[in-house]
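This report is an introduction for a reader who is meeting the structure below for the first time. Please keep the sequence and the model in view while reading.

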Amino acid sequence: MIIDNKPYYLRVITPLEAMLLMGYDQQDYERIKNFCDSQIYKFAGNSIVVNVLQEIIKHVFKLTKEE
């Protein structure tokens, strides 16, 4: 990709990085690392980060208490 006459390279995250971004740890990845990469990406993509879910729930309860 070239922007303003400067080359930029996009790097695709690895399956391990995808799992770590979604809140899993290295041990979780080690259990499924023999799956094909597309299955690991799908597994990571179909999950939700626990910390994000906790904040959403806190916000919903905060809104219901205010009403």
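What follows describes confidence, an aromatic pair, salt bridges and the surroundings of one serine.

This is a predicted model, in which local features need a pLDDT of at least 70 and side-chain atom pairs count only at pLDDT 80 or more, while totals for chains, interfaces and linings use all residues. Residues are numbered from 1 along each chain as its sequence is written, and side-chain values use heavy atoms, with hydrogens and water left out.

The predictor's confidence in each residue is given as pLDDT, on a scale from 0 to 100. The protein chain has an average pLDDT of 88, and 96% of its residues score at least 70. Confidence is lowest in strand E1 (residues 2-3), where the mean is 72, and highest in helix H1, where it is 95. Helices (H or I, at least four residues) and strands (E, at least two residues) are DSSP runs, numbered from the N terminus.

A search of the whole structure finds one aromatic pair. The ring centres of Tyr24 and Phe43 are 5.5 Å apart and the ring planes stand at 35°, so the pair counts as tilted. Rings of Phe, Tyr and Trp (its six-membered ring) pair if their centres lie within 6.5 Å, and planes under 30 degrees apart count as stacked, those over 60 as edge-to-face and the rest as tilted. The pair links distant parts of the chain, since Tyr24 lies in the loop between helix H1 (15-21) and helix H2 (26-32), whereas Phe43 lies in helix H3 (residues 37-45), 19 residues apart. Tyr24 is partly exposed at 23% relative accessibility, and Phe43 is also partly exposed, at 41%. For these terms, buried means under 20% relative accessible area, exposed means over 50%, and partly exposed lies in between (1.4 Å probe, protein chains only).

Side chains of opposite charge can pair when their charged atoms come close. The structure holds four salt bridges, a salt bridge being a side-chain nitrogen of Lys or Arg within 4 Å of a carboxyl oxygen of Asp or Glu.

Arg31 and Asp28 both belong to helix H2, three residues apart, which is about one turn of the helix. Arg31 is exposed at 61% relative accessible area, whereas Asp28 is partly exposed at 23%. In the second pair, Glu30 is partly exposed at 36% and Lys33 is partly exposed at 40%. Because Glu55 and Lys58 are three residues apart in helix H4 (residues 50-66), about one helical turn separates them. Glu55 is partly exposed at 46%, while Lys58 is exposed at 53%.

Ser47 is found in the loop between H3 and H4, and with a relative accessible area of 18% this serine is buried. A polar atom of the Ser47 side chain lies 2.6 Å from the backbone oxygen of Ala44. Not counting residues up to four places away in sequence, Ser47 touches Met22 and Tyr24, where contact means heavy atoms within 4.5 Å. Tyr24 is also the residue whose ring pairs with that of Phe43. Gly23, in the loop between H1 and H2, is exposed at 60% relative accessibility. Gly23 and Ala44 are 21 residues apart in sequence, and their C-alpha atoms are 9.2 Å apart in space.

Definitions and conventions:
Polar contact = N/O pair within 3.5 Å; in protein donor to acceptor, adjacent residues only side chain to side chain.
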